[in-house]
Amino acid sequence: MKRIAIVEDNRDNRLLLRAIIDDRYELVEYATGRVALDAIRSDPPDLILLDISLPEMDGTEVLRRLRSDSTLARIPAIALTAHAMRGVRERLLAEGFDAYVVKPIVDEEALLETIARLLDTSVAGDTLSDSPAIPPNQAATPSNERDGPQGDGK
Ligand code: MN
């Protein structure tokens with residue numbers, strides 16, 4: 001069974017992700033970037049779900065460190081972000097994320113399809129569509145959620 005690392009400081013979000021993903025993949029959960037980096041380096045997962053807004057070290061920095069490590073650089077990474085503003089998707093993809101998902105997660109199937117696509121791509125070629133987890137028109141919808149360093153911990 002493929003193994004997915006969830007790096008997310010919000011317990012409710014971790015529970016939700018586990019509920020969506022649990023019966024299809026083996027999950028490991030980390031609440032901070034530093035703990036996740038140490039664990040991922042010693043035992044790399046097949047895919048990483050990475051929250052952008054994390055205490056101490058944000059998800060963008062975690063990804064930067066993963067991508068600069070030759071043994072970890074190719075692990076597919078999906079950004080989790082409460083930001084749904086225009087341009088966020090482009091920025092996250094430019095930073096090296098393979099896909100992104102906007103919280104709160106409303107389309108469970110889209111998340112599962114994105115995970116399946118990235119896992120398939122990494123071993124046996126791309127068999128599914130190349131669409132993002134959230135359609136661009138939906139992703140561009142302004143959100144009231146805060147996800148900054150001084151945010152609500154989501
Ligand atoms: Mn967070």
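Modeller: Let's start with helix α2: its buried residues pack against β1 (3-7), β2 (26-30) and α3 (59-67). Keep in mind that this is a predicted model, where local features need pLDDT of at least 70, side-chain atom pairs count only at pLDDT 80 or more, and totals for chains, interfaces and linings use all residues. Numbering starts from 1 along each chain as its sequence is written.

A residue is buried if 20 or more other C-beta atoms lie within 10 Å of its own, exposed if 12 or fewer, and partly exposed in between, with C-beta atoms placed from the backbone. Contact takes two such C-beta atoms within 7 Å. Helices (H or I, at least four residues) and strands (E, at least two) are DSSP runs, numbered from the N terminus.

Now the helix itself. α2 spans residues 33-42, and its buried residues are Gly33, Ala36 and Ile40. Viewed down the α2 axis, they fall within an arc of 60°, so they line one face of the helix; the arc is that of the directions from the helix axis to the C-beta atoms. The C-alpha atom of Arg41 is 7.4 Å from that of Leu72, although the two residues are 31 apart along the chain.

Of the five residues in β1, four are buried, so to speak the strand is mostly covered. Its pairing with β2 is parallel and runs over five bridges; two strands count as paired if DSSP finds at least two bridges between them. Along that pairing, Ala5 has Val28 as its bridge partner in β2. To get from β1 to β2 the chain passes through helix α1 (residues 11-21), a right-handed β-α-β crossover. Right-handed here says that, with the strands pointing away from the viewer, the path from the first strand over the helix to the second runs clockwise. Val7 sits opposite Tyr30 in β2. β1 is also joined to β3 by four bridges, again parallel, with Ile48 as the β3 bridge partner of Ala5.

Zooming out, the sheet is open and has five strands in the order β2-β1-β3-β4-β5, with parallel pairing. β2 and β5 are at the edges with a single partner strand each, so one side of each lacks a neighbour in the sheet. On average, neighbouring strands are turned by 20° against each other, direction ignored.

The other neighbour is α3. Its buried residues are Gly59, Val62, Leu63 and Leu66. They cover an arc of only 95° around the axis, which puts them on the same side of α3. What do these buried residues of α3 pack against? β1, α2, β3 and β4. α3 lies across β1, β3 and β4, running at about 150° to β3; axes are lines fitted to C-alpha atoms, for helices over the stretch in contact, and angles go from 0 to 180 degrees between N-to-C directions. In the loop leading from β3 to α3 there is Glu56, whose phi is positive, near 70°, in a residue other than glycine. Most residues other than glycine have a negative phi.

Leaving out residues up to four places away in sequence, Leu50 touches Val7, Gly59, Val62, Leu63, Ala77, Ile78, Ala79 and Leu80.
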